[in-house]
Amino acid sequence: MTASVSSHDPRADFPILSRSVGSGAGKPLVYLDNAATTQKPMHVIETVDRFYRHENANIHRGVHYLSMNATDAYDRARERIAQAIGASHPAEVVFVRGTTEAINLVASSFAGDRFQPGDEIVITMMEHHANIVPWQLLAKKTGVVLKWAPITDTGEIDLDAFRSCFSEKTKLAAFTQVSNALGTINPAREMVAIAKEFGAHVLVDGAQGVAHGMVNVAELGADFYAFSGHKVVGPDGIGVLWGRRELLDAMPPYQGGGDMIARVSIEKTTFRESPERFEAGTPNISGAIGLGAAFDYLDSVGWDEVRRREHELLEYAFARMSEVDGLRILGPASIDDKVSVISFTMDSAHPHDIGTILDTEGVAIRAGHHCAQPLMDFYQIAGTARASFSFYNHRDDVDRLMDGIAKVKKFFG
Amino acid sequence: MDDLSDLYQDIILSHNKRPRNQGELENATGSAEGYNPLCGDHIHVYVHQDDSGKVDDISFTGKACAICTASTSIMTEAVKGKSREEIDTKAAEALEMLTSKEEPTFDLLEQGDFAALAGVRQFPARIKCATLGWHTLESALKGGEMVNTEKEEG
């Protein structure tokens, strides 16, 4: 069994993990789709519940008690998150719907505003579609050129090859901190440094990194960092674009509407500074407050404890899966170079068939291309099966996964 | 367990392991590509029709999951040598069996391998895998437009 230094088992904080799934009495849920979305602890659920039961009001526009309190809570959430990610000022934290919207915001208001035809943007072969498609749309609209940094056979960045994509034409590098499909931890700080040598700005996709306690924007040295709340035990529909304040304040608005203006007249409208400039309309107030609560919760568990538990699960699962004949794990060969994500294929069964068989055993994994089709093309496969572990999973969950894999082999040989 | 056995019957597993009518068809009079971007099923269906419109030969290629591979393999066996009218009836029956919440209005026992796919209905996430071959056949007979499961209705 796990030799835990902590007496408290975080699994007990996540009510959904005690349910069963499937037809009839079902099977106890084994949730191993954490890279898609994480489950929510009682602290987050109760915070959002309390907001709607007792505190709900619109923000920034009321003179009444509830509105002022809601505004305070929203602002405190921003401060809480700014502190959690190492931002130098809360104004650098823009609330958005998620990573996808954060990247689109940068593509539209930053790159779209200042890049010229022929300017280059470097991305990598392992990006999620959210960090590909906004740049392709921008390229089509403005004539900027996308450069794709190659990856190695083990799904890792080769820094020399990465460097060779840069030139004086490079204006932006946009890459993921952690591969969602493979779990690869990229050498993000070194990659940022390379981009900076060429005078390029840098956006880091933190959708996966954030869940493993890897966010410190001050240390990272990038210009933008994007992540989603739902991947870090927070609510969905809320996320963060962190940006350097001087860049944000120089960017035109992303959407127009209420709350983002300084003064509107028939002739002319002036805009507020960041972050309000980018938060047109009533924001996801409960989501922001819930995300603040998520970081509070993770602090109470402790990031070291989160990482320790996840690494232990990864080590155990990696060892057991490596013993299975006909099962191939994609990505880094060493578990020290990856987060607790295991992407695999089986000789005898298609990922979707693996997913269905595991599902009937109550084991939830992801099967498919993981919104990273260029990466799948690189490996010349249609997709993989992906088991992703969170700190609230147990070794028993790995055992149930292995039982499911044995069943796949029974059906497909 | 019973549910899963319904889905992965021996018949399905056998068609998956040794798909019938596999390969590209020389002298095809029609062909179409079918793609399910959600799971990556990707197939090509080739048909040869004689002067009367009868499909006297059919084949398929592609990389797909067991459900899609078996369903497409079974489809080729079910329509080979059939007239257009017979194929339209068969296709309607197949789609009814695979997608309807009601019991089929035709006798499954008379349908041979074809009936093995009835278990798919219990797995909503997999229905599109099973219907792809039939939709791609339809397209191959009607001009060959690419079939993408995420563009079609329902």
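Student: Which domains does the domain assignment of chain A give?

Tutor: The assignment gives domain 1 (10–40 + 302–412) and domain 2 (46–299). Keep in mind that this is a predicted model.

Student: How far apart do the C-alpha centres of domain 1 and domain 2 of chain A lie?

Tutor: They lie 28 Å apart.

Student: How do you know that domain 1 of chain A is in contact with domain 2 of chain A?

Tutor: Two residues are in contact if their C-beta atoms, placed from the backbone, lie within 7 Å. By that test, 26 residues of domain 1 of chain A are in contact with 27 residues of domain 2 of chain A. On the domain 1 side, H10(A) gives the most, with four residues. By class, that side has 14 nonpolar, six polar and six charged residues.

Student: What is the hand of the crossing where H2(A) passes H9(A)?

Tutor: The crossing is left-handed. Residues making the contact include Ala73(A), Ala77(A) and Ile81(A) of H2(A), and Ala288(A), Gly292(A) and Phe295(A) of H9(A). By class, the contact has 11 nonpolar, one polar and three charged residues.

Student: What makes H3(B) and H5(B) oblique to each other?

Tutor: Again, look at the angle. Helix H3 (residues 66–79) and helix H5 (residues 127–141) of chain B pack at about 40°, with their axes 7 Å apart. Under 35 degrees would count as roughly parallel. At about 40°, H3(B) and H5(B) are therefore oblique. H3(B) passes H5(B) in a right-handed crossing.

Student: Which residues make the contact of H3(B) with H5(B)?

Tutor: Among them are Ile67(B), Met75(B) and Val79(B) of H3(B), with Leu132(B), Trp134(B) and Leu137(B) of H5(B). The classes come to nine nonpolar, three polar and no charged residues.

Student: How many residues does the contact take from chain A and from chain B?

Tutor: The contact takes 13 residues from chain A and 16 residues from chain B. On the chain A side, H11(A) supplies the largest share, five residues. That side has four nonpolar, eight polar and one charged residues.

Technical notes
Residues numbered from 1 in each chain as written. Chains lettered and ligands numbered in written order. Predicted model: local features only at pLDDT ≥ 70, side-chain atom pairs only at ≥ 80, totals over all residues. Left-handed = near helix turned anticlockwise from the far one by under 90°. Helix = DSSP H or I, 4+ residues; strand = E, 2+ residues; numbered from the N terminus. Nonpolar A, V, L, I, M, F, W, Y, C, P; charged D, E, K, R; others polar. Domains from an automatic or database assignment. Axes fitted to C-alpha atoms, helices over the stretch in contact; angles between N-to-C directions. Parallel < 35°, antiparallel > 145°, perpendicular 65-115°, else oblique.
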